[in-house]
Amino acid sequence: MSPGSTWIDQFPGNFMWSNATLVCKGMAPYGAVAIGEIDRICERLAARGMGDPDAWWQEWCSMAEKNETLADEAALDGREFTSGDHYLRAGNYYYTGERFVPPGEKKLDIYRKALRCYREGLERRYPEIEFVEVPYEGKTLPAYFMRAREATGRAPTVVLFDGMDNCKEMSVLFAGLEFARRGMNTLAIDGPGQGETLRLRKMHARHDYEVPGTAAYEFVAKRPDVDAKRVVIMGYSFGGYYAARVAAFERRYAACVCLGALHWDLHAWQSKIKEQLKADPLKSAQSNFQFQWILGLDDSDAALERAKEFSLAAVAGKITCPVLVTHGANDRVVPVEAAHKLHAALTTNRKTLKIFTAEEGGAEHCQVDNRPLGISYIADWIAANL
C-alpha cells in the first residue's frame with residue numbers, strides 16, 4: 001500500500017478511484033476478489049499517476065486477463081473449482097476496469113468479458129443459481145435466482161435491484177449467499193438502466209420503477225418455491241430510491257429494504273455533482289457520463305431536467321408495508337441526512353432506521369467497508385418482519 005493511503009482511501013485525494021477500489025474490495029468476503037491482487041493493481045496505478053486517462057482500465061483489465069487465462073487453463077484440465085475462483089475474480093476486475101470508460105465499443109468489449117467470466121464463475125461455484133429472464137413490456141430483464149438452502153416448500157424471497165453502477169453478479173453474491181443460508185430465495189436482477197439490461201439490451205432507467213418492480217414480483221410469485229405473501233423488495237445505493245418507489249405502488253410486496261437512501265432531491269444532487277466534476281472530478285464518486293447514460297440521454301442539461309422526476313417527496317407516504325433504511329454515518333456518496341429524511345417521511349408505523357457508525361463498521365456507502373455486517377442486519381430484520 002502506498003504511503004498515505006488507507007484500506008478505505010487507497011488513493012488520497014482521489015475519491016473516484018478510492019471509492020471504486022473499495023467497492024471491489026467489498027467483494028473479498030465472498031471469495032470473489034483477492035486483496036493481494038488488488039493491492040498490486042493499485043501500486044501500479046499509483047506509479048503511473050492519476051493523469052493517465054487509460055491507466056485505470058488497463059491495470060484492472062490486465063489483472064482480469066491474468067485470472068481469465070488461469071481460469072481457462074484450469075477449465076481445460078477439468079479443475080472446475082479452481083477455474084470458477086479465477087473466473088469470478090476476472091469478472092470483478094473487468095467490471096471495475098469498465099467503470100470509468102465512456103460509453104462506446106471499448107466499454108462494451110470490457111463488459112462482455114466481465115459478463116462471460118462472471119457467468120463461468122457462478123456456474124462452477126454456485127450451481128444452485130438459475131439464470132432466468134423476467135418478462136417485461138414485451139422483452140425480458142436478465143436475473144439470477146438463488147434458491148434458499150435446504151428449504152422445503154415455499155420460501156420467503158427478496159427481489160434485489162442494483163445501484164447506478166453495480167450489477168446483479170455482485171448482488172447475488174454479497175446478499176444472495178447470506179439470504180440463502182437463512183432460508184430465503186433471492187432474485188438478483190438488472191433492471192432498466194442497470195448492468196446487462198443497460199449495456200447489452202439498451203433499456204434505460206425510469207423514475208416509475210414500480211413497472212419493473214411489478215414484473216419482478218409476478219415472476220417470482222408464480223414459482224412453486226416462492227411464498228407469494230412473503231416477497232421483499234430491496235435496492236441499494238440508487239436502488240434505494242427504486243425499492244421505496246416500488247413498495248409505494250406495488251402493494252403485494254410484504255416489506256421494503258433500502259440499503260442506502262438516495263438523495264431526497266435528486267435534481268439538486270446531480271446539479272452538485274455536475275459542478276463538482278467541473279471543479280475537481282477526483283472528488284466525485286461518479287463519472288461525468290454516468291447519470292445521463294443510464295437515462296439514455298446525450299445532454300447533461302436534459303438529464304438534470306429528468307432528475308426532477310426521481311423524487312420520493314410525494315411517494316414515501318404511500319408505503320404501507322414495513323420499511324428498513326440502512327445507511328453509513330460516514331457515507332461520502334449520499335450524505336446520511338438523506339436516510340433521516342426518508343425515514344421521517346415514511347408514514348407506516350413499521351419503519352426502522354439503522355445508521356452504522358465508524359466504531360461498529362459499515363459506516364461507508366452501503367456498508368461497503370463491512371458488507372457482511374450490513375447484510376446480516378438486513379437478514380435479521382427481514383426474518384423479524386415477515
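Three cavities of 30 Å³ or more were identified in the predicted model, a cavity being a set of points on a 1 Å grid over the protein atoms alone where a 1.4 Å probe fits but cannot get out. Volumes refer to the space filled by probe spheres set on the points, which are joined across faces, edges and corners. Local features need pLDDT of at least 70 and side-chain atom pairs pLDDT 80 or more, whereas totals for chains, interfaces and linings use all residues. Residues are numbered from 1 along each chain as its sequence is written, and side-chain values use heavy atoms, with hydrogens and water left out.

The largest cavity has a volume of about 120 Å³. Its lining (residues with an atom within 4 Å of a point) comprises 15 residues, of which V23, Y95, T96, R99 and D165 are the closest to the centre. At least two lining residues are supplied by each of α1 (15-25), α4 (80-98) and α5 (105-125), and α4 gives the most, with four. Helices are DSSP runs of H or I of at least four residues, and strands are E runs of at least two, numbered from the N terminus. Six residues of this lining are nonpolar, four polar and five charged, where Ala, Val, Leu, Ile, Met, Phe, Trp, Tyr, Cys and Pro count as nonpolar, Asp, Glu, Lys and Arg as charged, and the others, Gly among them, as polar.

The second largest cavity, of about 60 Å³, has a lining that includes F15, R332 and H365. Five nonpolar, three polar and three charged residues make up this lining.

H365 is also in contact (heavy atoms within 4.5 Å) with S237, a residue of the loop between β5 (226-236) and α10 (239-249). S237 counts as buried because its relative accessibility is 14%, below the limit of 20% relative accessible area (1.4 Å probe, protein chains only).

Key: 1 Å grid on protein atoms, 1.4 Å probe; cavity = no way out; pocket = protein on both sides within 12 Å on 5 of 7 lines; lining within 4 Å. Buried < 20%, exposed > 50% of the residue type's maximum accessible area, 1.4 Å probe, protein only. Lists of a residue's contacts leave out its neighbours within four places in sequence.
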